[in-house]
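Please read the points alongside the structure shown here.

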Amino acid sequence: MKPIILQVLILVCAVACNTPYYSSANNMSGQPATLNLNSGKQLQGKISVRSFDNYSSVSRVQFAEGTDKNYQEYSLSDIQSVYLNGGTYCVKKLIGSNFWSGNALRFVQQLTPPGGRIDLFQHEKMVKNSTTGKDEKQVEYYLQLPGAVNNEIFNLESGKFTPNFDDKMSAYVKDCPALAAKIKSKDKDYFYPFVVNNGDLRRKAVLLQIIHDYNTCKQ
């Protein structure tokens, strides 16, 4: 019986070790994806990404082309973007996260067309619900400001924007006076709320409106 049991255990392990999983764009294995490299090369296949926790830099990116089971390792500096689960993700330096205000290089989803003077990004993280004990996905929003350097993006809940969002954000877009005035005066479509029903959706809508106006105000 022992050889049979051993064979079963080996089979179970082989299946488990090759089973794709996804908790976030910074912690996944075997996910179908398109990898776009800075060299201009585009690869189709499966991606695996590792990071220590929700706030540490990505430590490893591996990619297997097509049906190949052999993964090749890629440096973050080699990667332009990843198309995954219907969204485009790129590597950015997160500034002002909720954890010790730390900074980290991580994959974030781009929510606005690339190339704008201001861009909005979404960062996924898994946290444990203190009541149910189950892991739940939470989302943080980050902005890339005009003249950004080193791929830096800033947490919307950091001191870069709050408190007094209307004062701080209007200063960032002061070269578009009409928009700055709307933000400063807390115009209905430009007021950034913190405690309202569907707050995340409302804040996202306000940010997208500001970004659209700023990116088009001189065109």
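**Notes on burial and ring contacts**

1. G96 counts as buried because its relative accessibility is 14%, where buried means under 20% relative accessible area, exposed over 50% and partly exposed in between (1.4 Å probe, protein chains only). The model is predicted, so local features need pLDDT of at least 70 and side-chain atom pairs count only at pLDDT 80 or more, while totals for chains, interfaces and linings use all residues. Residues are numbered from 1 along each chain as its sequence is written, and side-chain values use heavy atoms, with hydrogens and water left out.

2. G96 sits in the loop between β7 (87-95) and β8 (104-110), with helices (H or I, at least four residues) and strands (E, at least two) taken as DSSP runs numbered from the N terminus. Its C-alpha atom is separated by 8.8 Å from that of I153, 57 residues apart along the chain.

3. The structure holds two aromatic pairs, a pair being rings of Phe, Tyr or Trp (its six-membered ring) with centres within 6.5 Å, stacked if the planes are under 30 degrees apart, edge-to-face if over 60 and tilted for the rest. F161 and Y172 form an edge-to-face pair, with 5.7 Å centre to centre and 70° between the planes. F161 lies in the loop between β11 (152-155) and α2 (165-172), and Y172, eleven residues apart from it, in helix α2. F161 is buried at 0% relative accessibility, whereas Y172, at 26%, is partly exposed.

4. The rings of F165 and Y192 are stacked, because their centres are 4.3 Å apart and their planes at 20°. Both F165 and Y192 are buried.
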